[in-house]
Amino acid sequence: MSDLYTELLVKKERTSKDTLIRFGIIAGTAVFVFAGLFISPLLLIPAIACGVAAYFIVPRTDLEFEYLFINGDLDIDMIMSKAKRKKAKSVKMEEIDLVAPLNSHRLDYYNNNQNIRVLDYSSGNAEHKRYALIGKDDKGLCKIIIEPDEALANAMKNCAPGKVFLD
């Protein structure tokens, strides 16, 4: 028996917001360390707080998403700073209502829905061909944005031809 299997790694493009957060936390830590050493040792407390924040926040500004599609199950992992891996989302194709490109007219109803949660697991570049997966999870209706290559899109189409549109 042949299994449908494909995987893809997509790097999230760094935005100016990510750069600003990264620079702000690192610069804040440096300023508080300098001030704590030369002005008042009490200023080392905010330096420690900034350092802890940097440890947790800075890796989230350097993201990659790995899509793993096996027999109708799409697993999305988030890789932070090429060191930490975290499972972001797991989706079964039979639980998905619709898969279509973001600019498709098939998504018009969902784009006008204010109660839909949007989860973006793509590079963030609007020029790339990104797709929306519409389905329900434990928190209600959600729209998952991914950026599959041709092999992944075709594998999803082969698994659920009535739900996946590649137009």
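**Figure 1. Arg117 and its salt bridge with Asp137 in the predicted model.** Arg117 forms a salt bridge with Asp137, the closest N and O atoms being 2.3 Å apart; the term denotes a side-chain nitrogen of Lys or Arg within 4 Å of a carboxyl oxygen of Asp or Glu. Asp137 belongs to strand β7 and Arg117 to strand β6 (residues 117-120), so that distant parts of the chain, 20 residues apart, are linked. Helices (H or I, at least four residues) and strands (E, at least two) are DSSP runs, numbered from the N terminus. The model is predicted: local features need pLDDT of at least 70, side-chain atom pairs count only at pLDDT 80 or more, and totals for chains, interfaces and linings use all residues. Residues are numbered from 1 along each chain as its sequence is written, and side-chain values use heavy atoms, with hydrogens and water left out.

**Figure 2. The salt bridge between Glu66 and Arg85.** The side chains of these two residues, Glu66 and Arg85, meet at 2.5 Å, N to O. Glu66 lies in strand β2 and Arg85 in strand β4 (residues 84-92), so the pair ties together parts that are 19 residues apart in sequence. Glu66 is buried, with a relative accessible area of 16%, whereas Arg85 is partly exposed at 49%. Glu66 and Arg85 are also linked with Asp77 in a network of salt bridges. The structure holds 10 salt bridges.

**Figure 3. The salt bridge between Asp167 and Arg106.** The closest N and O atoms of Asp167 and Arg106 are 2.8 Å apart. Asp167 is in the segment after α4 and Arg106 in the loop between β5 and α3 (108-111), so the pair ties together parts that are 61 residues apart in sequence. Both partners are partly exposed, Asp167 at 46% relative accessibility and Arg106 at 32%.

**Figure 4. The largest nonpolar core and the surroundings of Ile144.** A nonpolar core is a set of buried Ala, Val, Leu, Ile, Met, Phe, Trp, Tyr and Cys residues joined through side-chain atoms within 4.5 Å. The largest core has 26 residues, of which Tyr67, Leu74, Val99, Leu133, Ile144, Ile146 and Met156 touch the most other members. Two or more residues each come from β1 (5-11), β2 (63-70), β3 (73-80), β5 (96-101), β7 (131-137), β8 (140-146) and α4 (150-159). Apart from this core lies another, of 8 residues, among them Ala100, Leu107, Tyr110 and Ile134. Not counting residues up to four places away in sequence, Ile144 touches Ile76, Lys89, Val91, Leu119, Tyr121, Tyr131, Ala132 and Leu133, where contact means heavy atoms within 4.5 Å.

**Figure 5. Helix α1 and its packing against α2.** Helix α1 (residues 16-38) has 23 residues and reaches 32 Å from its first C-alpha to its last, close to the 33 Å expected; the expected span is 1.5 Å times one less than the number of residues. Asp18, Ile25, Gly28, Thr29, Ala35 and Gly36 of α1 are buried. The buried residues of α1 pack against α2 (44-57).

**Figure 6. A nonpolar surface patch.** Ile21, Ile48, Val52, Tyr55, Phe56 and Ile57 make a patch of about 580 Å². Its largest share, 5 residues, comes from α2. Phe56 is found in helix α2 and counts as exposed at 52% relative accessibility. Patches are made of residues with over 30% relative accessible area and no salt bridge, like charges being joined within 9 Å and nonpolar side chains (Val, Leu, Ile, Met, Phe, Trp, Tyr) within 5 Å. Accessible areas come from the Shrake-Rupley method with a 1.4 Å probe; for residues, only the protein chains shown count as cover.

Key:
Buried < 20%, exposed > 50% of the residue type's maximum accessible area, 1.4 Å probe, protein only.
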